[in-house]
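This report sets out selected features of a protein model. The sequence and structure are shown first, and the discussion follows.

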Amino acid sequence: MAELKLSHIYKRYSGNVVAVTDFNLDIADKEFIVLVGPSGCGKSTTLRMIAGLEEISDGDLIIGSKRVNDVPPKDRDIAMVFQNYALYPHMTVFQNMAFGLKLRHFPKAEIEKRVHEAAKILDIEHLLQRKPKALSGGQRQRVALGRAIVREPQAFLMDEPLSNLDAKLRVQMRTEISKLHKRLQTTFIYVTHDQTEAMTMGDRIVVMKDGFIQQVATPQEIYNHPKNLFVAGFIGSPAMNFIQGTIKEEGGVLSFTANGISLTIPEGRHEILRQKGAINKPVILGIRPENIHDEPVYAQTYPGGVFEANVDVVEHMGSEMYLFMDVSGQQLTARIVARSDVKVGDRPKLTVDMSKLHIFDKETEESIF
Amino acid sequence: MIHLDTLSRTVDQRIRFVHQLPIEVRKIPLAELLEGYVYQEEVWHAFRTQRGVLYGIYQEHKLSHREIALIELLLLDYEESANRKLERWQQELIDAIHLPIEAYSERTKIEDLDAIHVPFAFPIVTIGLRPKDRQQASHFINEIKGIIASFAEGFDLTYHVVVEPTFVVCIIEWTEESKTLELSAETIASSIVDGMLREAFLEVRAVYAQEILDFNALVQTVRRMLFLALAAEGFQMEQPVIAIDGLGIHELLYSALPTLKKQYGLRVLPEEATKLLGVELEQTVMTFVENDLNMSETARQLYLHRNSLLYRIERIKEVTGYDIRRFSDAATVWAALLFHREGFR
């Protein structure tokens with residue numbers, strides 16, 4: 001069980017390539033932290049630096065109270081689960097899980113105890129004498145987790161552990177790993193490119209891009225208050241809609257105006273827009289698909305948020321519907337209730353929930369609210 | 001043992017060794033010197049040997065990646081090597097490792113090699129192992145022997161190892177019984193690589209060869225395995241386990257002269273273009289070529305929507321002038337990127 005502190009961490013490669021820049025993060029004991037971002041954003045490099053697979057170019061990595069930059073990886077008391085969960089094919093599940101302990105000359109009784117305890121936690125006791133080829137994908141992944149658990153490490157590092165599984169199994173294993181974290185009460189650091197995994201599993205999420213941390217916060221905070229345009233677009237599926245336009249003021253009323261759309265900004269937001277000097281400046285409006293509605297009650301609540309759009313595609317998802325629309329050349333997506341009777345070719349009146357609006361500075365791409 | 005004479009002959013006076021550094025270079029941290037530090041158009045390179053640190057000076061463009069690797073093999077020493085007593089067959093293999101590193105060496109069958117007594121029976125399977133991070137050579141040697149022993153015990157195999165600081169050769173007797181175990185050299189190599197990563201947190205690259213029938217062939221194979229390991233390392237290839245005949249065109253590209261690599265690499269992709277490409281687009285080119293220019297598979301592996309991949313391909317065309325949907329353009333950019341990755345060495 002351990003806290004981790006990453007302080008001003010850099011990873012530089014030869015040829016002036018900087019993979020990670022000034023990474024600062026305090027990870028609490030027993031916390032489940034998820035590093036998420038697109039490929040090449042530095043998330044796996046950061047995890048590999050924590051593991052010791054990559055040298056830290058600059059900065060301090062502290063596990064517990066000890067600086068471990070120069071501590072060999074195997075002495076850092078951590079366990080890692082990789083994307084490729086290859087098991088040793090000639091060994092039984094028991095032998096696979098016991099291998100690392102045997103290599104470290106643990107007493108036989110201790111090995112037996114640890115393997116059986118881990119197998120019980122993972123519900124694979126009945127598989128201990130099987131060989132890997134006789135296991136399903138999910139069972140193999142459990143054994144891979146078991147190999148890490150028997151080490152009883154201070155922290156678990158997981159690098160895209162579910163990427164090789166099919167979609168259904170991935171959802172199942174997601175829940176299993178979350179349960180495992182609760183049972184083991186150990187620090188988990190989890191890397192994924194999948195924002196759904198990040199949102200559903202992490203106590204906190206670290207969103208990365210181009211080697212820089214973009215935002216560190218709880219899933220709810222990241223979703224509701226993205227710090228910048230990148231985070232807003234990366235987290236959420238379907239992605240947040242963005243419309244480029246300008247904030248204009250007329251007779252004390254502020255409105256967002258773009259080609260073919262004009263929305264009245266709620267009074268409560270006027271002060272921040274003025275403070276940030278956003279009036280008459282180009283901005284980007286962000287609205288999540290679920291915050292666009294076709295029900296009349298929303299039009300009554302937010303009369304300043306009504307607009308019309310041409311519906312190009314309708315996707316029925318069962319419990320909801322996705323509308324893909326064109327508003328004067330800008331593509332928007334709405335996620336509306338399944339009972340709606342909107343069809344392709346319609347031009348319905350839709351309403352933006354103005355309390356859920358986001359405005360970003362076009363130049364800095366930082367959130368204004 | 002430090003093979004300074006061998007080294008001087010091999011690299012033909014293109015490297016000088018000194019014990020005293022100029023004042024400016026003395027300020028540089030050792031870690032940086034171990035990577036190589038450029039001072040007055042020369043690379044000052046520290047080599048950590050068991051007998052202390054030795055400093056070599058060379059002009060980068062005059063030495064290839066292979067020659068640098070050979071220098072390291074000859075210089076890096078580890079505690080056992082000073083005192084070890086080698087049998088003739090072990091010495092022959094180590095000598096083979098210490099020769100200039102080539103894809104297809106000119107050394108032909110040497111009659112007396114077959115007369116050398118070896119403590120194993122042919123046919124054998126051979127696995128060559130090299131740490132990805134050469135700074136961890138001593139750590140690598142300490143761990144690899146334990147891992148090989150554990151797997152050999154698990155597979156019930158008879159094995160021998162020949163250990164050099166950055167290259168370990170594992171020889172496994174390949175009996176009729178081994179063949180019935182549903183085993184292959186690839187399985188064993190993968191297990192060792194995997195074991196090193198999971199148990200010792202050390203990344204290792206393995207090259208394996210099946211069914212070697214005599215000692216002459218073993219000597220040639222060991223030399224070739226080292227070449228392949230270095231080619232994969234130079235081009236920063238991701239695959240950790242390579243078959244002896246598994247690198248194809250990479251072998252030819254890796255064998256090219258550094259001057260040719262530089263001229264070609266910079267003509268196809270000037271430095272400015274590689275900067276504009278960045279990590280993301282470079283990865284896109286490599287993955288696209290590795291997947292036979294298959295859009296769907298490339299998009300899946302890069303976790304991209306097909307349209308995002310198309311956008312990236314268009315962007316690559318804007319930056320480089322090459323449309324990587326065409327095979328010849330893809331191959332041209334791919335080879336240039338490999339040379340850039342290798343630093344034209």
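Which residue forms a salt bridge with Asp329(B), and how far apart are the closest N and O atoms? The partner is Arg326(B), and the closest N and O atoms of the pair are 4.0 Å apart. Asp329(B) itself is buried, because its relative accessible area of 11% falls under the 20% cut-off. The model is predicted, and every value in this report is computed from it.

**Salt bridges**

Side chains of opposite charge can pair when their charged atoms come close. Over all chains, the search of the whole structure finds 35 salt bridges.

| Pair | Closest N and O atoms |
|---|---|
| Arg104(A) and Glu199(B) | 3.9 Å |
| Asp323(B) and Arg325(B) | 3.1 Å |
| Asp329(B) and Arg326(B) | 4.0 Å |

The pair of Arg104(A) and Glu199(B) crosses between chains. On the side of chain A, Arg104(A) lies in the loop between helix 2 (93-103) and helix 3 (108-122). On the side of chain B, Glu199(B) belongs to helix 10 (residues 185-200). Arg104(A) counts as partly exposed, because its relative accessibility is 32%, whereas Glu199(B), at 6%, counts as buried.

**Chain A**

Chain A contains 10 helices and 21 strands. Its C-alpha trace spans about 80 × 45 × 35 Å along the principal axes. Of the 369 residues in chain A, 53% are buried. Among contacts in chain A with a separation of 6 or more, 66% are accounted for by residues 24 or more positions apart.

Gln195(A) is found in helix 6 (residues 195-201) of chain A. Is this residue buried or exposed? Gln195(A) is buried, because its relative accessible area is 13%, under the 20% cut-off. Leaving aside residues up to four places away in sequence, Gln195(A) touches Val36(A), Phe234(A), Ile235(A), Gly236(A) and Ser237(A).

**Domains of chain B**

The domain assignment divides chain B into domain 1 (4-63), domain 2 (87-253) and domain 3 (256-342). Taken over C-alpha atoms, the centres of domain 2 and domain 3 of chain B are separated by 32 Å. Their contact takes 7 residues from domain 2 of chain B and 8 residues from domain 3 of chain B.

Between them, domain 2 and domain 3 of chain B bury about 700 Å², with 61% of this area on carbon and sulfur atoms. Within domain 2 of chain B, the residues that lose the most area to domain 3 are Phe235(B), Gln236(B) and Leu253(B), which together make up 71% of what that side buries.

How many salt bridges are there between domain 2 and domain 3 of chain B? The count is 0. The interface does hold 4 residue pairs in polar contact. Helix 12 (residues 249-255) of chain B gives the most to the side of domain 2 that touches domain 3, with 4 residues. The residues on that side of domain 2 of chain B comprise 4 nonpolar, 3 polar and no charged residues.

Key: Residues numbered from 1 in each chain as written. Chains lettered and ligands numbered in written order. Predicted model: local features only at pLDDT ≥ 70, side-chain atom pairs only at ≥ 80, totals over all residues. Heavy atoms only, no water. Salt bridge = Lys/Arg side-chain N within 4 Å of Asp/Glu carboxyl O. Helix = DSSP H or I, 4+ residues; strand = E, 2+ residues; numbered from the N terminus. Buried < 20%, exposed > 50% of the residue type's maximum accessible area, 1.4 Å probe, protein only. Contact = heavy atoms within 4.5 Å. Domains from an automatic or database assignment. Buried area = accessible area lost by both parts, 1.4 Å probe. Polar contact = N/O pair within 3.5 Å; in protein donor to acceptor, adjacent residues only side chain to side chain. Nonpolar A, V, L, I, M, F, W, Y, C, P; charged D, E, K, R; others polar.
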